[in-house]
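Me: Hi! I've got a model open and would like to talk it through with you. Shall we start?

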Amino acid sequence: MSASQSAVRSRAEAVQVSRTFDWMILFTLFTAVLGGYHIHYMLTGGDWDFWTDWKDRRLWVTVAPIVSITFPAAVQACLWWRYRLPIGATISVVALMIGEWINRYMNFWGWTYFPVNICFPSNLLPGAIVLDVILMLGNSMTLTAVVGGLAYGLLFYPGNWPVIAPLHVPVEYNGMMMTLADLQGYHYVRTGTPEYIRMVEKGTLRTFGKDVAPVSAFFSGFVSIIIYFLWHFFGRWFAKTDFIADDAS
Amino acid sequence: MAATTESVKADAAEAPLLNKRNLTLGMLLYLVFYSFIRWYEGVYGWSAGLDSFAPEFETYWMNMLYIEIVCEVILFSGINGYLWKTRDRKVMSITPREELRRHFTHWIWLVCYGWAIYWGASYFTEQDGTWHQTIVRDTDFTPSHIIEFYLSYPIYIITGTAAFMYAKTRLPTYHEGLHLMYLIAVIGPFMILPNVGLNEWGHTFWFMEELFVAPLHYGFVFFGWAALAIMGVVNTEVMAITKLLKKDLA
């Protein structure tokens, strides 16, 4: 085969071309997943993620892992099963959290003046790393869904505890008992402030006191298993390379 | 020796495989433009964007809306019309090196598409959440909507359709038909814009801005999933590029 039939002039150029494509692909995948994941997450679990006075022991712990395991499962289905890259979940969550942090700082604080310590995002990284590690070591979608999905739900609250604990200490304000996070919300009034809007500590499960968070986390892990299965197959479908007939061509 | 000299001269004269200047300028274009937009929001959101019945709202926000819609229609028609008009009618007979060069150009479009999606779906969409938590809306055309729905979404739609059009008209890979995931990666995020119709229609019934996770917003979620179809595009591109480089990398 003559040189003119080759796309590159040398092996060195081929390697350079390949690496350049790697970076361009990574950037595009990262930003596209960031956009899709962020719009999904902010509109399915956003209110719990936006404000500390929504970060309760029951619904935040339940909702956030269930709605956030979606894109990690789908991206894993492409990156691991096609390229043996064990970073699908972590890269999705890192993308989401970069998007969130930029937004909370530039817009929540920079445009509407909420202090960052009322509107910082939840930490999803521990669960994502565990998902990737289990997939890498087990090489099994079922194992990752069952063990990883459960771990993803269970790890969410401990993963956020060091940040949220200081805001869950009780305070008495105007004769009422509330958390420091509630007090932040009380002072920074939003259109989501009214108690008929704010979905926190609903129902009677909260009367179980200290047991609320672990029970919620366990339930969240259970649903996360199912969601992982579902989104793994979504991911496989979205990774297809099929063409449909083009009558015009 | 003479042949080698000619070859070297030809190499020096030919366009680079990746036009780094275009890539950098493309990225900077979005960054600089959106930095300006963010500055504009910061200044005129508070000073002229709180009361839609005020004359200054018309001056600073409604006029911006009219201008951006006109510009977007012109840009969409111009870019896609140009790409279609200048299409390669002998796309299957290009050399492997030219094909590789076109893949790079295609990836400049895709990088810009990803970048535009970030600004639209992440930056300006969540920003809209904090604006509605702060300001009670009295119009569908709030300052955050004029930027989010009617500026940042059309911009990624224009970029995405241009990337698709470039691939379809210049790359042999996409000549055999319509790439299903590419269509979804472009049409899905595009459908977020028509879904604004549902959103605004719903908001005329209820004050739902109190809750960002309201079911009224789930249309955006559904179409946002389509961004995952970029994985199908990546897979197809990896196969095509691997085919071009395989023997050289072996």
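Me: Which strand of chain A is joined to β1(B), and how many bridges are there?
Reply: That is strand β3 of chain A, residues 243-244, and two bridges join it to β1(B). The strands run antiparallel. Keep in mind that this is a predicted model.

Me: Nice. What is the bridge partner of A:I244 in β1(B)?
Reply: A:I244 has B:L178 as its bridge partner there.

Me: Zooming out, how many residues does each chain put into the contact?
Reply: Chain B brings 63 residues and chain A brings 58 residues. On the side of chain B that touches chain A, the elements giving two or more residues are α2 (20-48), α4 (96-134), β1 (178-179), α6 (180-203), α7 (218-224) and α8 (230-249).

Me: Which of them gives the most?
Reply: α4(B) does, with 24 residues.

Me: Switching topic: what is the secondary structure of chain B?
Reply: Chain B has eight helices and one strand.

Me: What does the C-alpha trace of chain B span?
Reply: About 75 × 30 × 30 Å along its principal axes.

Me: What percentage of chain B counts as buried?
Reply: Of its 250 residues, 42% count as buried. As for contacts within chain B between residues at least 6 apart in sequence, 83% join residues at least 24 apart.

Conventions: Residues numbered from 1 in each chain as written. Chains lettered and ligands numbered in written order. Predicted model: local features only at pLDDT ≥ 70, side-chain atom pairs only at ≥ 80, totals over all residues. Contact = placed C-beta atoms within 7 Å. Helix = DSSP H or I, 4+ residues; strand = E, 2+ residues; numbered from the N terminus. Pairing = 2+ DSSP bridges. Buried ≥ 20, exposed ≤ 12 C-beta atoms within 10 Å, placed from the backbone.
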